[in-house]
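Biologist: I would like a close look at a single part of this model. Please take it step by step and keep to what the coordinates show.

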Amino acid sequence: MACTLFRNAHIWDGSGMPAYPADVLVDGNRINTIARQSGALSAEGATVIEARGRTLMPGLVEGHAHLSFGGAVNDSDLGNIPPEEHVLLTMRNAKTLLDHGFTSAYGAGTSKLRLDVVIRNEVNAGRLPGPRIRAASPEITVTGGLADERKHHMYYESFGMIADGPVEIARAVRLCCREGVDNIKINISGDDLGPNAHGGLTPMREEEVAMAVAVARDFNKKVNCHARSAEAVKRAVRNGVDVIYHCESADEEAIDLLESVKHKIFVGPAIGVIYGTLYEGEQFGFHRDSDLGRIMQRTIETTAEVYKELRRRGVRILIGGDYGFAQTPQGDNARDLKHFVDLLGFSPSEALQCGTRIGGELMSMEGELGQVKEGFLADLLLVDGDPLKNLDLLVNERNLHVIMKNGDLYKDVSATQLVQHAVAAE
Ligand SMILES: [Zn+2]
């Protein structure tokens with residue numbers, strides 16, 4: 001197996017501890033040794049990367065990946081994409097995420113049943129570039145819920161799989177499990193960006209949520225949900241949903257419930273799409289001075305309040321801002337880190353932990369993914385600059401000098417940069 005030695009790196013290890021200088025030896029797909037004394041590790045047989053004080057950190061984990069989404073203004077835009085083009089779009093998105101330092105992606109919902117599955121399989125087989133992928137199901141929803149884009153006189157597809165009542169829900173979940181997904185997605189609340197049930201409504205019934213989780217458990221799968229209303233959050237917790245997205249309208253009872261299961265669950269605000277709709281959506285028809293704009297503004301405020309409390313209580317929080325819509329292009333995913341600081345009051349280190357260590361736990365790889373520690377899987381980024389001082393460094397792929405996934409050097413421009421520096425100095 002190949003060895004790689006990072007010399008003179010500045011290690012931010014994902015634990016929340018301050019960064020420190022060290023050399024790091026990767027052997028095969030794992031971090032073998034971290035030596036705080038420079039030059040202590042033998043370079044024999046290893047590819048040597050001169051880090052020159054650049055930051056070595058864990059690969060990022062997208063906690064709310066929509067690998068098959070791209071450029072959609074309306075949810076039905078995704079339904080309009082033919083399957084052949086849609087496979088290619090999903091393939092390109094997987095590469096885009098890895099190019100931007102996301103070495104893992106947790107699927108939050110796919111737009112056709114087998115898109116995440118087939119790309120995950122190809123990436124795992126080494127035939128396509130992409131992150132580690134947990135493949136999502138389409139968003140299972142009830143008639144009138146988020147992702148039911150049909151009209152009474154006209155049929156529309158989106159990213160939804162419509163199922164009403166426990167019997168249909170059971171069938172939908174079994175179908176997704178049979179076809180190889182890792183995560184089931186259910187839409188418990190509505191959404192203000194959809195045409196039907198708004199975010200304050202909770203159209204999926206308790207017994208439907210219960211059935212979805214029970215059947216997913218039969219197949220040993222995780223369940224993610226879309227839950228904006230307080231009641232949706234409560235239905236999710238009461239029935240054992242693993243990953244609860246949004247939650248901005250959680251009341252005291254809902255926050256208490258989330259805290260009561262904090263060692264089992266994850267939450268994610270998906271703030272990127274709210275920010276994008278409010279501040280960068282004008283060209284796509286989202287006007288700031290409109291009812292929708294005011295709802296987006298209020299959502300940012302309520303999200304900040306709720307997540308301040310969830311953070312204080314130790315609930316595990318994920319980055320991932322619904323990237324894949326027109327106002328949230330794939331590749332911009334790391335912008336969520338700065339949004340966490342600017343909009344939600346996180347420190348830069350807290351935000352980065354959401355995108356690394358906590359993401360590793362989300363991938364069900366706690367203790368081996370998401371930190372720079374001996375024995376951990378070697379998913380690493382060498383960053384030109386200090387992300388803790390400027391999180392937006394991580395958004396621009398040019399600042400990622402090395403991207404390593406599972407011990408493989410996917411990208412390494414460290415040597416090229418040295419040459420350029422030398423030329424510039426002459
Ligand atoms: Zn989403």
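Which helix lies across β7 and β8, and at about what angle to β8 does that helix run?

Modeller: This is a predicted model. The helix is α3, residues 115-124, which lies across β7 and β8 and runs at about 150° to β8. Both strands belong to an open sheet of three strands, ordered β6-β7-β8, with parallel pairing. Its edge strands are β6 (60-65) and β8 (132-134), each of which pairs on one side only. On average, neighbouring strands of the sheet are turned by 15° against each other, direction ignored.

The pairing of β6 can be followed residue by residue. Strand β7 covers residues 102-107, runs parallel to β6 and is joined to β6 by four bridges. Within this pair, E62 of β6 stands opposite A105 in β7.

H64 (NE2), H66 (NE2) and D322 (OD) coordinate the zinc ion, at 2.0 to 2.1 Å. Along the chain, the donors follow the spacing H-x1-H-x255-D. H66 is found in the loop between β6 and α1 (76-79), while D322 is in the loop between α9 (291-312) and α10 (335-342), so the pair ties together parts that are 256 residues apart in sequence. H66 and D322 are both buried. As for H64, its number falls within the range 60-65 of the edge strand β6.

Notes: Residues are numbered from 1 along each chain as its sequence is written. This is a predicted model: local features need pLDDT of at least 70, side-chain atom pairs count only at pLDDT 80 or more; totals for chains, interfaces and linings use all residues. Side-chain values use heavy atoms; hydrogens and water are left out. Two strands pair if DSSP finds at least two bridges between them. Helices (H or I, at least four residues) and strands (E, at least two) are DSSP runs, numbered from the N terminus. Axes are lines fitted to C-alpha atoms, for helices over the stretch in contact, and angles run from 0 to 180 degrees between N-to-C directions. Contact means heavy atoms within 4.5 Å. Donors are N, O and S atoms within 2.8 Å of the metal (3.2 Å for Na, K and Ca); water is not among the atoms, so sites may look incomplete. Buried means under 20% relative accessible area, exposed over 50%, partly exposed in between (1.4 Å probe, protein chains only).
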